Amino acid sequence: MAARRALHFVFKVGNRFQTARFYRDVLGMKSDYTRITEDSFSKPYDGKWSKTMVGFGPEDDHFVAELTYNYGVGDYKLGNDFMGITLASSQAVSNARKLEWPLTEVAEGVFETEAPGGYKFYLQNRSLPQSDPVLKVTLAVSDLQKSLNYWCNLLGMKIYEKDEEKQRALLGYANNQCKLELQGVKGGVDHAAAFGRIAFSCPQKELPDLEDLMKRENQKILTPLVSLDTPGKATVQVVILADPDGHEICFVGDEAFRELSKMDPEGSKLLDDAMAADKSDEWFAKHNKPKASG
């Protein structure tokens with residue numbers, strides 16, 4: 001099988017300003033690697049949205065976060081599906097302490113913190129030289145063996161660690177990539193309204209075969225293979241799947257996505273400008289309308 005890559009995780013965010021502060025000032029993600037796609041809008045703000053990509057480096061060799069912001073939504077109800085992102089960064093721990101961002105030491109040298117909206121992050125108080133600090137994304141599963149069959153036998157991931165007693169497994173496509181940790185939970189997986197999506201890339205020629213495999217195995221396909229146009233940029237092919245617990249999984253054609261995801265040197269300024277122009281809080285308050293809860 002040709003190379004597949006872990007790309008990003010999609011978060012729905014309500015408090016745009018605090019969210020930007022967390023990712024940039026606390027975690028220390030470099031704003032030079034922020035991409036933003038802003039819909040042009042006129043008031044009212046209902047139904048308008050923006051997307052920001054933020055990470056420690058280019059998506060070619062770093063796992064990044066996609067922050068989706070809807071102007072008319074103030075918060076999202078969390079489920080138990082997303083269990084956290086773990087990263088190794090003594091600088092992030094130092095930043096959090098300086099900014100008095102809440103930290104809880106949950107193991108020796110490991111601190112739990114929360115992004116706005118309640119998304120958990122685990123900060124290891126160490127740094128990895130010349131490597132992406134993002135180590136793993138942890139998702140809840142209701143049946144570990146069933147999930148391993150899906151992610152390994154159908155999606156081709158390798159098992160790096162497995163602990164039957166703790167009902168957890170660490171999977172990935174390569175040693176130098178962000179890993180996927182599956183953690184068994186009792187009582188089922190609840191995605192609520194804040195559910196996200198994890199994205200991977202593969203050679204474009206593999207996408208039809210991947211879709212056919214899922215059809216043969218009677219697995220859920222949320223979005224059949226489709227080409228998505230971005231004006232002035234590459235056209236990417238995408239198929240969106242769902243695992244046995246309903247976790248959304250996006251696979252994109254790698255060649256076009258590398259072109260689409262090139263870092264924008266104006267990314268930080270675009271985000272700052274977009275936040276400065278966002279008067280949605282004032283607009284909703286003036287019209288005595290609360291922002292919706294997702």
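# Core and salt bridges in a predicted model

Visitor: Which residues touch the most other members of the largest nonpolar core?

Guide: Phe11, Tyr23, Phe121, Trp151, Leu155 and Phe251 do, in a core of 60 residues. Helix H3 (residues 144-154) contributes the most to this core, six residues. This is a predicted model: local features need pLDDT of at least 70, side-chain atom pairs count only at pLDDT 80 or more, and totals for chains, interfaces and linings use all residues. Residues are numbered from 1 along each chain as its sequence is written, and side-chain values use heavy atoms, with hydrogens and water left out.

Visitor: What makes a set of residues a nonpolar core?

Guide: The members are buried Ala, Val, Leu, Ile, Met, Phe, Trp, Tyr and Cys residues, joined through side-chain atoms within 4.5 Å. In soluble globular proteins, nonpolar side chains tend to be buried together.

Visitor: What does Phe251 touch?

Guide: Its contacts (heavy atoms within 4.5 Å) include Arg4, Leu155, Tyr173, Phe200 and Leu241, leaving aside residues up to four places away in sequence.

Visitor: Why is the pairing of Arg4 and Glu206 called a salt bridge?

Guide: The term requires a side-chain nitrogen of Lys or Arg within 4 Å of a carboxyl oxygen of Asp or Glu. Arg4 and Glu206 meet at 3.1 Å, N to O, so the pair qualifies under the 4 Å limit. Arg4 lies in the segment before strand S1 (5-13) and Glu206 in the loop between strand S14 (197-202) and helix H4 (207-216), so the bridge ties together parts 202 residues apart in sequence. Helices (H or I, at least four residues) and strands (E, at least two) are DSSP runs, numbered from the N terminus.

Visitor: How do you know whether Arg4 and Glu206 are buried or exposed?

Guide: Buried means under 20% relative accessible area, exposed over 50%, partly exposed in between (1.4 Å probe, protein chains only). Arg4 has 8%, so Arg4 is buried. Glu206 has 12%, so Glu206 is buried too.

Visitor: What makes Arg197 partly exposed?

Guide: Its relative accessible area is 27%, so Arg197 falls in the in-between class. Its salt-bridge partner is Glu248, at 2.9 Å, N to O. Glu248 has 16%, so Glu248 counts as buried.

Visitor: How many salt bridges does the structure hold?

Guide: There are 11. Another pair is Glu181 with Lys136, the closest N and O atoms being 3.1 Å apart. Glu181 lies in strand S13 (residues 179-184) and Lys136 in strand S10 (residues 134-141), so this pair ties together parts 45 residues apart in sequence.
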